[in-house]
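Hello,

Here is the structure we talked about. Please open it alongside these notes.

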Amino acid sequence: MCVVDMSNNPPPPSSSRAKDFFPSPALSLSLAGIFRHGGLAAEGEGASTSNMEVEEGEEGSTVGGDQRVEEISSEYSGPTRSKSEDEFEGDEDDEGGGDGDNKQKKKKRKKYHRHTAEQIRVMEALFKESPHPDEKQRQQLSKQLGLAPRQVKFWFQNRRTQIKAIQERHENSLLKTEIEKLREKNKTLRETINKACCPNCGVPNTNKDGAMPTEEQQLRIENVKLKAEVEKLRAALGKHASGTMSPSCSTSHDQENIKSSLDFYTGIFGLDESRIMDIVNQAMDELIKMATMDEPLWLRSLETGREILNYDEYMKEFLVENSDNGRPKRSIEASRDTGVVFADLPRIVQCFLDANQWKEMFPCLISKAATVDIICKGESSNKNGAVQLMFAELQMLTPMVPTREVYFVRYCKQLSGEKWAIVDVSIDKVEDNIDASLVKCRKRPSGCIIEDKSNGHCKVIWVEHLECQKSAVHSMYRTIVNSGLAFGARHWIATLQLQCERLVFFMATNVPMKDSTGVATLAGRKSILKLAQRMTWSFCQAISASSFHTWTKVTSKTGEDIRISSRKNLNDPGEPLGLILCAVSSVWLPISPNVLFDFLRDEARRTEWDIMSSGGEVQSIANLAKGQDRGNAVTIQTIKSKENNMWILQDSCTNSYESMVVYAPVDITGIQSVMTGCDSSNLAILSSGFSIIPDGLESRPMVITSRQQEKNTDGGSLFTIAFQILTNSSPTAKLTMESVDSVNSLVSCTLRHIRTSLNCEDGQCSVWRKIVSPSPLKSFVHYSIRKEGLALILICICSSM
């Protein structure tokens, strides 16, 4: 199984103390823990390997053929003896005392030597430092103590065996205690089930042949789980008692638990591989219907053009029971979208089967991803039929919206020669046994159907169907999250299109000169695009609410909420070494996302908001297109000021849902070498930038017009600004209040300059827009938007010719 460490923290140090073989009181499967403590698996594996490296006559086995290994104490305690090769002495009688004709040899008698207290003290001191001395250490010790090398060797083997025996007895005692606790719980559950009355209302259960009460069902399920856990503990105890299992293995219990998740399915949840295949096949059938059926299952909104799921029809079509099964109140998010992407079908399928490629394809949506276990590898050539257990942490590019941790099984199936389907579905019996505080989001059958078209294009139909716990969302993001736009199909499709288009432009060899200025070679172009992509990925990872970060809220002088987080870079050459401080603020601006994006990426207006430019002249050195939209480009800019010259690498990208402008100051010598085609992986950059998404209120049109170009009205923007600065070049340095105040002022001043440049102060906007009325009078409607509290106020002025 592949377990991925996605934490920035170093692996926890190993511990020699015995760990509980199973968690108590009830089994809790938390796949999220795999990512929060990803280094544990590798560490435990190494420890186990170390303990299993045995010499001849190792602990727990026989020594020297049929010789028994004796336990000895660290003190001189009596009859314990050791022997060496030449410690045998023949007993010969006097010549006169024996028969001369009887020439057979007398049996040899073993000669035993007791270790002195000084010898034991010296060997005990070395044992504390090195329980497994090498040949050189044994030779030195034998000379020092006057013992044979084999005597020293066997003493250390016996000492290790004694320590292990003590550990086994202690761990067996813990396991027995745990089994007794489980037996008591099992007994209590049995008594509850056998009661003739309902434990809640006291009404007698007279209908023994009827449907089983819900309470009794839950108790029976819990009873089965406890039985299975007791059997596992008994089996483990038997292995310890027989001496066939090293107790050092018990210290790596967590690693053994995640070694194969199918052990959980078959041993605890009662799900074998055939049952899992039944579930994913049903999910595949549901996905195909959801992707291909129209009305009455999907209804198109007249206002927004989005498809809305008719949930009553959905429950009828797929026989879904309208019950929460005791779960907290949940909300349903369902969406469907269709798009065309520039990519080959096999490449897209491979991206979904590789967790790392999948995460890189959707950097603004996925903060963590891993393949926990492979249930079915599928056909070797094209992976048709592959089934794997996966984990993902979904994010928005702001720390104000919590991430969503989701566990699901992914199934890839080839429907025809030119069509594939990929479905994700959460499994109930796994979800029911995960800590309830972690199961806040689960997937009903979701995924995409990919159809290969001509000329390297693929048509993708995406269905996203989530079931999430209702939780408090910041009022600024409530509309876009609750409407399903934030994590919906449109967002996934738009991101996939953007990344595939970027890959096409990266691999292209015939890019027009107007789309690739300032870089002379194809190798240089690829190096710059690769560096810009790394910079954007780093930005996406730095500003989300992922568990990678611990955010602290501070208030700026102008009233905005700013969240700060710090991290230490010890050895990553892609970022400056030292203490890095990240500051993020998210605000609402009554500006169209397109207007805001064009303003921020315009080099001619950079001095209006960039404090670091100090009013210097900004010139473009290189401009590399990475998409059909002119906003998707990588530029290298130089800022000339009296103090010094500074070069900036900027990556701007936009799609139908989200826009980003990411930039970083770069070393001039380093970026010049990258422009010639040199490797960019060791060039240290620290990215800052902006994320822009619509506020979700554009779904309420302000005018109705027959003109196609006027149908999409402009709403406000949810604007996130983030700065990363190196506060100290020493990784051991601590964060100071001066650094926090400096980055606080930087964020506040930049926001104030942006508002001033766009004539937008205190949530009001003085930019008036004109729309032509469809009436024959050729009247004009001028409108302006401002925000007061949580309300948008529209001011319209109508005039006619």
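A helix crossing is left-handed if the near helix is turned anticlockwise from the far one by less than a right angle, and right-handed if clockwise. Helices here are DSSP runs of H or I with at least four residues, strands are runs of E with at least two, and both are numbered from the N terminus.

This is a predicted model: local features need pLDDT of at least 70, side-chain atom pairs count only at pLDDT 80 or more, and totals for chains, interfaces and linings use all residues. Residues are numbered from 1 along each chain as its sequence is written, and side-chain values use heavy atoms, without hydrogens or water.

**Helix pair**

Helix 3 (residues 117–129) passes helix 5 (residues 149–194) in a right-handed crossing. Their axes come within 11 Å and cross at roughly 65°. (Axes are lines fitted to C-alpha atoms over the stretch in contact; angles run from 0 to 180 degrees between N-to-C directions.) Contact means heavy atoms within 4.5 Å. Helix 3 brings Ile-120, Met-123, Glu-124, Leu-126 and Phe-127. Helix 5 answers with Trp-155, Phe-156, Arg-159, Arg-160 and Ile-163. The contact residues split into 7 nonpolar, no polar and 3 charged. (Ala, Val, Leu, Ile, Met, Phe, Trp, Tyr, Cys and Pro count as nonpolar, Asp, Glu, Lys and Arg as charged, the others, Gly among them, as polar.)

**Cavities**

A cavity is a set of points on a 1 Å grid over the protein atoms alone where a 1.4 Å probe fits but cannot get out; lining residues have an atom within 4 Å of a point. There are 8 cavities of 30 Å³ or more. Helix 15 gives the most, with 4.

Note on methods. 1 Å grid on protein atoms, 1.4 Å probe; cavity = no way out; pocket = protein on both sides within 12 Å on 5 of 7 lines; lining within 4 Å. Points joined across faces, edges and corners; volume = space filled by probe spheres on them.
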